[in-house]
Amino acid sequence: MSAVRFFDPDGELYGVPTFPFRMAPDGYATRRQLRADGLRPGGQPVAAQLLWFSNRRRPTGAPPVLRVAYLYRRDLARPVRPMTPGKRAALAKANAARRVCPECHRDAGYRIPPTLGTCVPCATPEAQHAA
């Protein structure tokens with residue numbers, strides 16, 4: 001599977017300029033890259049994309065998964081909005097609520113995973129009795 005199939009700098013095939021993984025020209029960045037530089041897309045549309053095949057997180061024998069990363073123009077990016085005291089307080093309150101176990105009503109000391117829905121001791125009571 002060659003990277004050439006993902007090289008479409010004019011956007012004729014995919015609708016937006018498309019590049020193989022790690023081959024985007026200067027001036028483009030992903031959301032994470034913008035955030036690391038203290039920027040945000042600021043409402044601009046997707047300017048380009050990266051496409052690649054990934055073998056990660058797939059069962060043995062399954063075909064590779066097509067992955068995409070959207071790119072935004074750095075020159076149109078805006079600074080990240082500063083955190084206000086009200087936002088900070090609301091975030092702290094929301095995070096504190098995610099730490100309280102709905103079953104035993106104790107502060108777990110960590111954010112309770114949504115997959116469990118309760119703290120680890122409540123989710124696995126048999127492990128508690130075995131110890």
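Q: Start with strand 1 and strand 4. In which sense do they pair, and over how many bridges?
A: Strand 1 and strand 4 run parallel, with 3 bridges between them. Keep in mind that this is a predicted model.

Q: Which residue stands opposite Leu51 of strand 4?
A: That's Pro20.

Q: And strand 4 with strand 5, what sense is that pairing?
A: Antiparallel, over 7 bridges. Ala48 stands opposite Leu71 of strand 5. Phe53 faces Leu66, again in strand 5.

Q: Zoom out a bit. What order do the strands take in the sheet?
A: The order is 1-4-5-2. These 4 strands make an open sheet, and the pairing is mixed.

Q: Which strands are at the edges?
A: Strand 1 (18-20) and strand 2 (28-29). Each of them pairs on one side only.

Q: Back to strand 4. How many of its residues are buried?
A: 6 of its 7 residues are buried, so strand 4 is largely enclosed by the rest of the structure.

Q: New topic: the core. Which residues make up the largest nonpolar core?
A: There are 6: Phe19, Ala48, Leu50, Trp52, Ala69 and Leu71.

Q: Which elements give two or more residues to this core?
A: Strand 4 (48-54) and strand 5 (65-73).

Q: Which gives the most?
A: Strand 4, with 3 residues.

Q: Tell me about Trp52. What is Trp52 in contact with, leaving aside its neighbours within four places in sequence?
A: Two phenylalanines are on the list, Phe6 and Phe21.

Q: What is the relative accessible area of Val68?
A: The value for Val68 is 37%. Buried means under 20% and exposed means over 50%, so a value in between counts as partly exposed. That is why Val68 is called partly exposed.

Terms used. Residues are numbered from 1 along each chain as its sequence is written. This is a predicted model: local features need pLDDT of at least 70, side-chain atom pairs count only at pLDDT 80 or more; totals for chains, interfaces and linings use all residues. Side-chain values use heavy atoms; hydrogens and water are left out. A nonpolar core is a set of buried Ala, Val, Leu, Ile, Met, Phe, Trp, Tyr and Cys residues joined through side-chain atoms within 4.5 Å. Buried means under 20% relative accessible area, exposed over 50%, partly exposed in between (1.4 Å probe, protein chains only). Contact means heavy atoms within 4.5 Å. Two strands pair if DSSP finds at least two bridges between them.
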